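Welcome! Have the structure open beside you and work through the exercises below, one step at a time.

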Amino acid sequence: MKIKYSLLLLLFSILSFAQLNSFTVTITQVSNETCPSNGSISWAVSNTAPGSVISYNIINTATNAVVITTSNTMYSGLVSGTYRVVATQTLGNESNQATSENVVIANQTVPLVYSTSVNSDEICG
């Protein structure tokens with residue numbers, strides 16, 4: 001009987017200190033801003049725990065502000081700047097995070113150039 005209680009105590013102590021494995025988030029594609037607010041980032045995660053829920057914060061590194069929190073692995077609508085993705089993995093009461101490398105979305109917008117002319121020889125009436 002002592003052996004059963006000892007094994008049960010050992011199992012309980014192992015489970016109570018269980019942690020999620022480390023995982024990674026990797027940027028897979030960056031599209032520069034070619035029109036106002038059309039830059040985008042795509043990413044992938046690996047080594048996540050089966051059944052875990054993953055959420056992503058896109059961080060603007062200049063302000064350290066969260067641009068958006070999403071469950072998708074792609075986001076568009078970004079202006080030029082430097083960003084990183086912080087992924088949070090949650091399983092039950094456990095959670096951990098992984099952070100991507102910083103990525104730069106370049107401003108490649110082309111200003112609209114136009115001119116107008118007035119024809120002063122026009123007669124109305």
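Strands here are DSSP runs (E, at least two residues), numbered from the N terminus, and two strands pair if DSSP finds at least two bridges between them. The model is predicted, so local features need pLDDT of at least 70 and side-chain atom pairs count only at pLDDT 80 or more, while totals for chains, interfaces and linings use all residues. Residues are numbered from 1 along each chain as its sequence is written, and side-chain values use heavy atoms, leaving out hydrogens and water.

**Exercise 1.** Find the hairpin of β6 and β7 and say which residue takes a positive phi.

Solution. 
- Step one: go to β6 (residues 81-91) and β7 (residues 94-99), which run antiparallel and are joined by six bridges.
- Step three: look at the two residues between the strands; Gly-92 has the positive phi, near 65°.

**Exercise 2.** Work out the strand order of the open sheet with three strands.

Solution. 
- Step one: the order is β1-β2-β5, with antiparallel pairing.
- Step two: β1 and β5 (74-78) are the edge strands, each pairing on one side only.
- Step three: β2 and β5 share four bridges, and Ser-40 has Ser-76 in β5 as its bridge partner.

**Exercise 3.** List residues that Val-85 touches.

Solution. 
- Step one: count a contact when heavy atoms lie within 4.5 Å.
- Step two: skip residues up to four places away in sequence.
- Step three: the partners of Val-85 include Val-25, Ile-41, Trp-43 and Ala-98.
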